[in-house]
Structure formats: structure tokens, C-alpha cells
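Can you walk me through this protein model, please?

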Amino acid sequence: MRVMVTGGVRSGKSRHAEGLFDAAANVTYVAPGRPADGTDADWDMRVASHQERRPQHWTTVETADLPAAFAEAHGPVLVDCLGTWLVALLDGAGLWDEPSDAVHNAVAERLDGLCTALRNIPDAVVVTNEVGLGVVPAHYSGVLFRDALGTVNQRVGAICDEVHLVIAGRVLRL
């Protein structure tokens, strides 16, 4: 079963997603979106804190190449989170600077690859931020991120069997 888990920052969505695989073996946890320069200490702390609470037998993969991580997985896959994947995509392509079709084309191309690969994973949980519930700065990069992540969420949600909305640790299955 493919499940998308969405919610705001610190809503409990990652913990809920991890709980969906409590009894599973051979889980591959994919942490996408390491900053392009690789120096983000906050990212390292986030990954480490999530590793501490996950079962030790899970495999952690840090990569923005989600289709490659899916192809190498030997069991269920948990992706946390599509928002960081999108930031890495926008950073790596230098797309924060100017509004252009290049942004939409780059996101659409990578999103096509992600959705194709996700369809081949029978047991997957994908965590994402619900941008409709968050405060997004009214400048170009804030609007770009909101709009692009909204598109990502719609496309991924459409191929998932279930969508779970997590608010304040409470889960609503949509």
C-alpha cells in the first residue's frame, strides 16, 4: 500500500509515518534533500534524531535521487520528506533566482520520474508538508516553493492508496 502523510511542520507526521512500518522488516528510510553544499548542521541533527527513534535494522539512505533509492530498496520504503526533496531540486538547479518556465519544467521532469518510480514500490510511505496550512513568505521564492510543492503533493497523492493528514499528532485519513 502506498500512503502519503502530510501535515505542518512539527505536526507529528514523521512519527506517524514511521509507525506505519513498526512491524515491517527491511525498511529503507530515504532522507532526501541534503543541502547542495552539504554543510547544513540542522539537516544533520534532523536526520540523526530520526535515526535514534527508528528501529536499528532499518536502512537509511540520504539522497535526492528518489527513483534510484527506490530501485535499490529490498522492501518497504519511507520517504521523509518531499519538501526537502523539492528544496534540493531547486537548489541544485539554481532555480530560486528568476521566475521562468525552467522552474516548472525541471520540477515536472523530476516529478514524472518520481511518480513512475513510486508506482513500482508496493509498500511506500511518503511524508510531505501541507503547504496550504503553512505561512509562506509572499516573495518569489516562497510562492515558487508553495506552488511547486502543491503540485508535487497533488501528483503523489493521486497515486497513493491513502492520504493521512496529521495535525498536532492527530491523524485524519482522507
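Let's start with Asp 80, which sits in strand β4 (residues 77-80); strands (E, at least two residues) and helices (H or I, at least four) are DSSP runs, numbered from the N terminus. The model is predicted, so local features need pLDDT of at least 70 and side-chain atom pairs count only at pLDDT 80 or more, while totals for chains, interfaces and linings use all residues. Residues are numbered from 1 along each chain as its sequence is written, and side-chain values use heavy atoms, with hydrogens and water left out.

**Asp 80 and its surroundings**

- Asp 80 counts as buried because its relative accessibility is 1%; buried means under 20% relative accessible area, exposed over 50%, and partly exposed in between (1.4 Å probe, protein chains only).
- The side chains of Asp 80 and Tyr 29 are joined by a polar contact of 3.3 Å. That term covers a pair of N or O atoms within 3.5 Å; within protein, one must be able to donate a hydrogen and the other to accept it, and residues adjacent in sequence count only if both atoms are side-chain atoms.
- Not counting residues up to four places away in sequence, Asp 80 touches Ser 14, Tyr 29, Val 30, Ala 31, Pro 32, Arg 46, His 50 and Val 127, where contact means heavy atoms within 4.5 Å.
- The peptide bond from Asp 80 to Cys 81 is cis, with omega near 20°, and Cys 81 belongs to the loop between β4 and α4 (82-92).

**The whole chain**

- The protein chain has 6 helices and 7 strands, and along the sequence they follow the pattern β-α-β-α-β-α-β-α-α-β-α-β-β.
- Of the 174 residues in the protein chain, 44% are buried.
- Take the contacts in the protein chain with a separation of 6 or more: 77% of them are between residues 24 or more positions apart.

- In what order do the 7 strands line up? They form an open sheet, β3-β2-β4-β5-β1-β6-β7, with mixed pairing; two strands pair if DSSP finds at least two bridges between them.
- β3 (59-62) and β7 (170-173) stand at the edges with a single partner strand each, so one side of each has no neighbour in the sheet.
- From one strand to the next, the twist averages 20°. Axes here are lines fitted to C-alpha atoms, for helices over the stretch in contact, and angles run from 0 to 180 degrees between N-to-C directions.
- Strands β1 (residues 2-7) and β5 (residues 124-129) run parallel and are joined by 6 bridges, with Gly 7 opposite Asn 129 in β5.
- β6 and β7 run antiparallel, with 4 bridges between them, and Leu 165 stands opposite Leu 172 in β7.
- The hairpin of β6 and β7 has 2 residues between the strands, and Ala 168 takes a positive phi near 50° there.

**Helix α6**

- Helix α6 (residues 140-159) packs on the sheet, touching β1, β5 and β6 (162-167), and its direction makes about 155° with that of β5.
- The 20 residues of α6 should span 28 Å at 1.5 Å a residue, and its end C-alpha atoms are 29 Å apart, which agrees. The expected span is 1.5 Å times one less than the number of residues.
- The buried residues of α6 include Leu 144, Phe 145, Ala 148, Leu 149 and Val 152, and what covers the buried residues includes β1, α4, α5 (101-119), β5 and β6.

**Leu 66**

- Leu 66 is in helix α3 (residues 66-72), and it is buried because its relative accessible area is 0%.
- Leaving aside neighbours within four places in sequence, Leu 66 is in contact with Val 30, Pro 32, Val 79, Leu 82, Trp 85 and Leu 114.
- The C-alpha atoms of Leu 66 and Ala 117 are 8.0 Å apart, although the two are 51 residues apart along the chain.

**Positive phi in the loops**

- Arg 10, in the loop between β1 and α1 (13-19), has a positive phi of about 60° although it is not a glycine.
- Is Arg 10 buried or exposed? Arg 10 counts as exposed, because its relative accessibility is 75%.
- Asn 26, in the loop between α1 and β2 (28-31), also isn't a glycine, and its phi is positive, near 60°.
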